[in-house]
Amino acid sequence: MQQTGELQLVGVSKRFGEVVAVDAVDLTIPGGSYCCLLGPSGCGKTTLLRIIAGHEMPSAGDVLIDGESVIGMPARSRPTAMMFQSYALFPHLNCLDNVAFSLRMRGMPKIRRRERAQQILDFVRMGGFAHRMPAQISGGEQQRIALARALITEPKVVLLDEPLSALDEFFRVQMRVELRAMQQELAITFIHVTHTNTEAIATSDLVVVMDHGVIVQVDSPIQVYDKPRSSYVARFVGGHNVFFGRVVESKKEGDLIELSNGERLWAPPGPVSTDRRRSFAVRKDCMTVSRASDEPAKQWEPFHKVEGVVHAIEYEGTRFKVSVILNKEEMIVALMTHRDFMASGIDQGDPVVAWWSPEDVHVLLED
Ligand code: ATP
């Protein structure tokens, strides 16, 4: 199947008075991919989506879909369709007429547009709900109707603004699987705005992480999760403990870094700031916690451990989340398997050592 809907943003900026909501963004999203724009509130995700949809004019830059600029083209003429957070269904129209609405605006005869709307309703598995009113269906069902309404115009690019935020946890997981399956079947581009890291990682081919109007990393979900570029991405995407310190000794094979509590840790070579500070990350699930009074295990490599006190232990069903306070300000988290946790015999308040393997140290490129 041909993949359509390649999106290119070239130097796109948007200012609202003094506020720079989007700052010289360059991005290419291959046709037929599922892309998530991920970032905290206010980082410019929605503004970027609205610029692509044609609901907002950029202050500078160009937006191209399949190589053609859409700047200056009104929203309704663009090969895009937007699905809003609130779903924005017309309360006085039944599901079929909600879905058929944009074809009515385009002047398509009633029989044909209803036929087409029914096909799309069947596609989103809502065929039996055609004559229900929006108030008579659940949030998850409303979401499918909203998606059907976006798909009926046969867009090349579907824009989804926080599409799952109104659903409870169970339906959120179910719907994100369904959205992904529908996108793959249609082989068009989906651009999904979210501030939830797990949603971005689970659904997409491409994750775009934003911070203050700029893109800070564009990668596959695996790369973004496993190899965050910076401490910002590592913290936002989660799953990592980030360490900061000052380089006190440099060798060809790496640096010794002193933390604020005086502990010294080792990291492979990486960028050092002008004041000799650098940072690195260790995945929470690559960390093990042992009682400090235990015989030092052989696997405790020098400079690959920190000492602290167990602050909290939470059972998450498949693993234990152990929070360890290092000093007044710093805390790290280890995610331990059931077996490792039971073997450790640790309890809240215990002095402990958290340790990791040298190969699990991930260098962060920026501070
Ligand atoms: P959220 O997840 O909360 O929706 P976001 O990442 O989508 O946040 P935007 O809504 O794009 O962020 O906003 C980016 C910045 O631009 C924010 O500082 C916001 O206050 C500002 N902004 C957005 N729209 C306008 C506007 N119409 N006028 C003035 N400032 C705006």
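# Burial and strand pairing in a predicted model

Reader: Is Glu-56 buried or exposed?
Author: In this predicted model, Glu-56 has a relative accessible area of 19%. Since the cut-off for burial is under 20%, Glu-56 counts as buried.

Reader: Where along the chain is the place of Glu-56, and which residues is Glu-56 in contact with, leaving aside its neighbours within four places in sequence?
Author: The chain passes from helix H1 (45–53) to strand S4 (60–65) by way of a loop, and Glu-56 has its place in that loop. Once the neighbours within four places in sequence are left aside, the residues in contact with Glu-56 are Lys-14, Phe-16, Arg-50 and Ile-51.

Reader: How many Å apart in space are Glu-56 and Thr-80, C-alpha to C-alpha?
Author: Thr-80 belongs to the stretch of strand S6 (residues 80–83), and in sequence Glu-56 and Thr-80 are 24 residues apart. In space, C-alpha to C-alpha, the separation of Glu-56 and Thr-80 is 14 Å.

Reader: Which residue in S7 is the bridge partner of Thr-80?
Author: Strand S6 pairs with S7 over four bridges, and the sense of this pairing is parallel. Within S7, Thr-80 has as its bridge partner Val-157.

Reader: Why is strand S7 described as largely enclosed by the rest of the structure, and which of its residues point the other way from Val-157, Leu-159 and Asp-161?
Author: Strand S7 (residues 157–161) is largely enclosed because five of its five residues are buried. In a regular strand the side chains alternate between the two faces of the sheet. In S7, where all of these residues are buried, Val-157, Leu-159 and Asp-161 point one way, while the other way is taken by Val-158 and Leu-160.

Reader: What is the handedness of the β-α-β crossover from S7 to S8?
Author: S7 and strand S8 (residues 189–194) are joined in the parallel sense over five bridges, and in S8 the bridge partner of Leu-159 is Ile-191. Between S7 and S8 the chain crosses through helix H5 (residues 169–186), and the crossover is right-handed.

Reader: Which helices do the buried residues of H2 pack against?
Author: Helix H2 (residues 95–105) is largely enclosed by the rest of the structure, because eight of its eleven residues are buried. Among these buried residues are Cys-95, Leu-96, Val-99 and Leu-103. The buried residues of H2 pack against helix H3 (110–123) and helix H4 (139–151).

Reader: How many Å apart are the centres of the positive and negative side chains?
Author: The chain carries 40 positive and 46 negative side chains. The centres of these two sets lie apart by 6 Å.

Conventions. Residues numbered from 1 in each chain as written. Predicted model: local features only at pLDDT ≥ 70, side-chain atom pairs only at ≥ 80, totals over all residues. Heavy atoms only, no water. Lys, Arg positive; Asp, Glu negative; His and termini not counted. Charge placed at Lys NZ, Arg CZ, Asp CG, Glu CD. Buried < 20%, exposed > 50% of the residue type's maximum accessible area, 1.4 Å probe, protein only. Helix = DSSP H or I, 4+ residues; strand = E, 2+ residues; numbered from the N terminus. Pairing = 2+ DSSP bridges. Right-handed = clockwise from strand over helix to strand, strands pointing away. Contact = heavy atoms within 4.5 Å.
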